[in-house]
Amino acid sequence: PPVLCAGCPHRASFYAVKQAAKGRKAVFSGDIGCYTLGNSKPLDMVDTCLCMGADVTIAQGLHIIEPDTVNFAFIGDSTFFASGMTGVVNAVYNQTDIILVVLDNSTTAMTGHQPHPGTGKTMMGDVVSKISIEKILDAVGVSTIVNADPLNLSEAVGAVKEVMDVKGVRAVIFKSPCIAVTKPSARYEVKEEACTLCRQCIRELGCPAIVRADGKISIETSLCTGCGICAQVCKFQAIQEVDQDE
């Protein structure tokens, strides 16, 4: 089945929210985009998916039916501009208790990396001023907005926990470019002497670059983009950045 690309920042965003929401009754409303693939195991982080912008509106409905549930609404940056803003306005106006999670990878990845109002470049290639998602959210009345780098796991988890118990509409903006737009230069490898074969990296992340073969865990160098999330997840520090000078 199709999966999120190796190094995709959306994988890190989903994982951070999953860790922050552990032990809580939560529903994860999804949307149309690459991040719809977050529904697959082992992430299992997309409970609903209907149409563009429905993450916000479905989360609102779920909150009314089950007010004791923490309702997350995942939306990409391009989808936010296309059809997400109206739902956010409605949520704020009706004082709905939801957490908007904006997955900002600076492109329209699913349909061919077209620019959008937040990229700073028009379809004709003209460089223009970017429209800020954060400023739009602030303008419509979202009072609590937190920015975080999803590839910094502790920062990302902390950002979600910061807004978890705030009432009303609050937002976490996870900003990290699509790997098809900007490729990190780092690479990672598994140190066999430290690896205990616990498979936590495989079981929790599902990154296609992490493979198990011949009785050992390894990272496929042709797929690794150096996001470093696996190294942050490994509790045995068996995954280390490759020295580029070697």
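## Reading side chains

Author: Happy to! Let's begin with Glu189, which has a relative accessible area of 28% and is therefore partly exposed. The labels work like this: buried is under 20% relative accessible area, exposed is over 50%, and partly exposed is in between, with a 1.4 Å probe and protein chains only. This is a predicted model, in which local features need pLDDT of at least 70 and side-chain atom pairs count only at pLDDT 80 or more, while totals for chains, interfaces and linings use all residues. Residues are numbered from 1 along each chain as its sequence is written, and side-chain values use heavy atoms, with hydrogens and water left out.

Reader: Which residue meets Glu189 in a salt bridge?

Author: First, the general idea: side chains of opposite charge can pair when their charged atoms come close. The rule asks for a side-chain nitrogen of Lys or Arg within 4 Å of a carboxyl oxygen of Asp or Glu. Here the partner is Lys191, at 2.6 Å from N to O. Lys191 is partly exposed too, at 27% relative accessible area.

Reader: How many salt bridges does that rule give?

Author: The count is nine. Among the residues involved, Lys25, Glu66 and Asp68 are linked in a network.

Reader: Where in the chain do Asp165 and Arg24 lie?

Author: These two side chains form a salt bridge, 2.8 Å from N to O. Asp165 lies in the loop between α5 and β5 (169-175), and Arg24 in the loop between α1 and β1 (26-29), so their pair ties together parts that are 141 residues apart in sequence. Helices (H or I, at least four residues) and strands (E, at least two) are DSSP runs, numbered from the N terminus. Asp165 is exposed at 56% relative accessibility, whereas Arg24 is partly exposed at 36%.

Reader: What about the pair formed by Arg170 and Asp97: how far apart are the closest N and O atoms?

Author: They are 2.3 Å apart. Arg170 sits in strand β5 and Asp97 in the loop between α3 (77-93) and β3 (98-104), which places them 73 residues apart. Arg170 is buried at 3% relative accessibility, and Asp97 is buried at 12%.

Reader: Now the rings, please. How many aromatic pairs does the structure hold?

Author: It holds five. Rings of Phe, Tyr and Trp (its six-membered ring) pair if their centres lie within 6.5 Å; planes under 30 degrees apart are stacked, over 60 edge-to-face, and the rest tilted. Phe14 and Phe74 make a tilted pair, 4.8 Å centre to centre with 55 degrees between the planes. Phe14 belongs to helix α1 (residues 9-20) and Phe74 to strand β2 (residues 70-76), so the pair ties together parts 60 residues apart in sequence. Both Phe14 and Phe74 are buried. An edge-to-face example is Phe80 with Phe81, at 5.7 Å and 80 degrees. Ring pairs also link Phe14, Phe28, Phe72 and Phe74 into a cluster.

Reader: Last one: which residues touch the most other members of the largest nonpolar core?

Author: A nonpolar core is a set of buried Ala, Val, Leu, Ile, Met, Phe, Trp, Tyr and Cys residues joined through side-chain atoms within 4.5 Å. The largest has 70 residues, and Phe72, Leu100, Leu137 and Phe174 touch the most other members. Helix α5 (residues 153-164) gives the most to this core, with seven residues. Counting contact as heavy atoms within 4.5 Å, Leu100 touches residues including Phe80, Leu137 and Arg170, leaving aside those up to four places away in sequence.
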